[in-house]
Amino acid sequence: MTIFLPIQSARLTLRGFKEEDLNEMHYYLSYSEVLHFMMQDATTEEGSNAYINRFLQFQKDNPRIFVRFAIIEKLSNCLIGECGLNMPNIQHKEGSLCTGLIKNIGEKDMLLK
């Protein structure tokens with residue numbers, strides 16, 4: 001269970017991951033432009049399942065050192081990416097932002113709008 005409420009914009013919702021995101025997350029993780037930047041192989045369903053299960057586990061950690069949000073396009077209600085914060089050195093108050101998006105959803109170019 002996530003402690004963060006969904007964040008809404010006119011076009012997007014950012015929310016914690018859910019188990020039912022697996023199929024859409026697998027599609028996202030298999031997208032060639034996303035794979036180019038991935039540090040782990042999540043091209044198989046098993047790899048995608050392990051990837052999302054890590055985020056589900058991170059949601060239970062206290063303190064949370066890895067925070068990830070699913071990016072949902074409101075119009076299609078599709079998962080189009082992820083964003084978050086990695087803080088493995090939380091005691092030193094250091095962290096890094098991370099994001100990944102599918103560039104094209106149907107006929108729309110999400111990054112150019």
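Guide: Two strands pair if DSSP finds at least two bridges between them. Keep in mind that what stands above is a predicted model.

Visitor: Which residue in β4 is the bridge partner of I72?

Guide: Strand β4 covers residues 78–86, and eight bridges join β3 to this strand, the two running antiparallel. Within that pairing, the β4 residue that is the bridge partner of I72 is L79.

Visitor: Which residue in the hairpin of β3 and β4 takes a positive phi?

Guide: The hairpin of β3 and β4 has four residues between the strands. The residue that takes a positive phi, near 60°, is N77.

Visitor: In β3, which residue is the bridge partner of L14?

Guide: Strand β2, residues 12–15, also pairs with β3, in the antiparallel sense and over four bridges. In β3, the bridge partner of L14 is I71.

Visitor: How many residues of strand β3 are buried?

Guide: A residue counts as buried when its relative accessible area is under 20%. Strand β3 has eight residues, 66–73, and it is largely enclosed by the rest of the structure, because the number of them that are buried is seven.

Visitor: What covers the buried residues of α3?

Guide: The buried residues in α3 are G47, S48, Y51, I52, F55, L56 and F58. What covers them includes α1, β3 and β4.

Visitor: How far apart are the end C-alpha atoms of α3?

Guide: The expected span of a helix is 1.5 Å times one less than its number of residues. The 14 residues of α3 should therefore span 20 Å, and this agrees with the distance between its end C-alpha atoms, which is 20 Å.

Visitor: Is C83 buried or exposed?

Guide: The cut-off for a buried residue is a relative accessible area under 20%. C78, at 27% relative accessibility, therefore counts as partly exposed. The relative accessible area of C83 is 14%, so C83 is buried.

Visitor: How many disulfides does the count come to?

Guide: A disulfide is a covalent bond between the sulfur atoms of two cysteines. For the count, a pair of cysteine sulfur atoms has to lie within 2.5 Å. By this rule the number of disulfides comes to zero.

Conventions. Residues numbered from 1 in each chain as written. Predicted model: local features only at pLDDT ≥ 70, side-chain atom pairs only at ≥ 80, totals over all residues. Heavy atoms only, no water. Buried < 20%, exposed > 50% of the residue type's maximum accessible area, 1.4 Å probe, protein only. Contact = heavy atoms within 4.5 Å.
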